[in-house]
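Biologist: Please take me through the terms used for this model, one at a time.

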Amino acid sequence: MFISNNACSVPTSFWLTGIPGLESLHIWLSIPFGSMYLVAVVGNITILAVIKMERSLHQPMYFFLCMLAIIDLVLSTSTIPKLLAIFWFGAHNIGLDACLVQMFFVHCFATVESGIFLAMAFDRYVAICDPLHHTSVLTHAVVGRLGLAALLRGLFYIGPLPLLIHLRLPLYRTQVIAHSYCEHMAVVTLACGDTRINNLYGMGIGFLVLILDSLAIAASYVMIFRAVLGLATPDARLKTLGTCGSHICAILIFYIPIAVSSLTHRFGHRVPPHIHILLANFYLLIPPILNPVVYAVRTKQIRERLLHIIKAGTQPR
């Protein structure tokens with residue numbers, strides 16, 4: 001194990017602690033984390049397969065859902081296998097370059113996911129406020145461009161994070177990261193030298209992604225609710241709002257864990273370290289687990305297709 005001291009050195013690797021304070025429970029913690037990861041992988045692959053097979057689901061909302069499923073697979077796979085390796089095999093060591101790559105994938109695809117939710121809000125806005133032009137506005141090409149824009153924004157925003165660390169922070173007081181993955185601030189706080197630029201850039205990206213995206217989504221739903229209130233009957237209002245239910249649930253599933261984890265990290269100085277780390281892992285696991293469940297339960301076509309597959313698999317040949 002790496003020994004921390006006050007001398008600054010140039011590391012070739014870091015030591016991830018896993019869940020600090022709960023080392024004796026690591027083998028037991030691997031059971032729920034492994035189970036949740038398995039559910040996330042199976043659920044999102046199932047969503048991708050069902051949407052591919054069911055032609056009635058070849059619509060903008062479900063193309064965006066496919067993008068979410070791919071992003072959730074990347075997010076969970078970038079962290080959980082390493083965490084399970086720590087739990088099962090004591091594989092705490094991670095190379096410097098691998099650490100920066102993991103950091104990039106985690107923060108980049110979280111940013112991309114926020115962008116996809118913003119694109120989905122635009123889709124719901126057009127579908128409800130201008131339904132006659134929905135198919136002409138949200139064509140397959142436009143959906144693809146919106147997905148590409150979300151990806152490029154993630155690359156543009158997050159690309160400098162590991163680059164700034166690599167160029168500006170070569171020396172570290174310790175190689176021990178009190179975290180289960182290479183989270184940006186967990187690495188920056190270990191560095192010797194001036195970290196203000198890294199801190200400010202990280203906070204700026206957090207503001208741009210979390211605050212501005214959530215405000216834009218909220219604004220779209222204000223306009224949606226105004227349009228819904230203008231409908232003639234209560235049944236029409238409920239039916240129209242029902243088309244937004246899955247998206248609203250997915251947004252809450254994504255933003256609430258991130259907000260709780262961020263607020264706890266910034267202001268919860270008396271919160272035990274293992275709570276911080278558990279929350280940071282849950283916000284990467286909860287959306288990949290719950291998004292397929294929400295859309296499978298609330299979307300008739302997905303639900304019926306899944307039931308058809310299950311019945312076909314249980315029938316004797």
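Modeller: By class, the lining of the largest cavity has five nonpolar, two polar and one charged residues. This is a predicted model, in which local features need pLDDT of at least 70, side-chain atom pairs count only at pLDDT 80 or more, and totals for chains, interfaces and linings use all residues. Residues are numbered from 1 along each chain as its sequence is written, and side-chain values use heavy atoms, with hydrogens and water left out.

Biologist: Which residues line the largest cavity?

Modeller: The lining is Asn44, Ile47, Leu65, Leu68, Ala69, Asp72, Asn291 and Pro292. Asp counts as charged, along with Glu, Lys and Arg; Ala, Val, Leu, Ile, Met, Phe, Trp, Tyr, Cys and Pro count as nonpolar, and the others, Gly among them, as polar. Helix 2 gives the most to this lining, with four residues.

Biologist: What makes helix 3 roughly antiparallel to helix 6?

Modeller: The axes of helix 3 (residues 96–129) and helix 6 (residues 160–168) cross at roughly 155 degrees and come within 9 Å. Angles under 35 degrees count as roughly parallel, over 145 as roughly antiparallel, 65 to 115 as roughly perpendicular and the rest as oblique. Therefore helix 3 is roughly antiparallel to helix 6.

Biologist: Which residues of helix 3 and helix 6 meet?

Modeller: Leu100, Met103, Phe104 and His107 in helix 3 meet Leu161, Pro162, Ile165 and His166 in helix 6, where contact means heavy atoms within 4.5 Å. By class, that contact has six nonpolar, two polar and no charged residues.

How values were computed:
Axes are lines fitted to C-alpha atoms, for helices over the stretch in contact, and angles run from 0 to 180 degrees between N-to-C directions. Helices (H or I, at least four residues) and strands (E, at least two) are DSSP runs, numbered from the N terminus. On a 1 Å grid over the protein atoms alone, a cavity is a set of points where a 1.4 Å probe fits but cannot get out, and a pocket is an open set with protein on both sides within 12 Å along at least five of seven lines; lining residues have an atom within 4 Å of a point.
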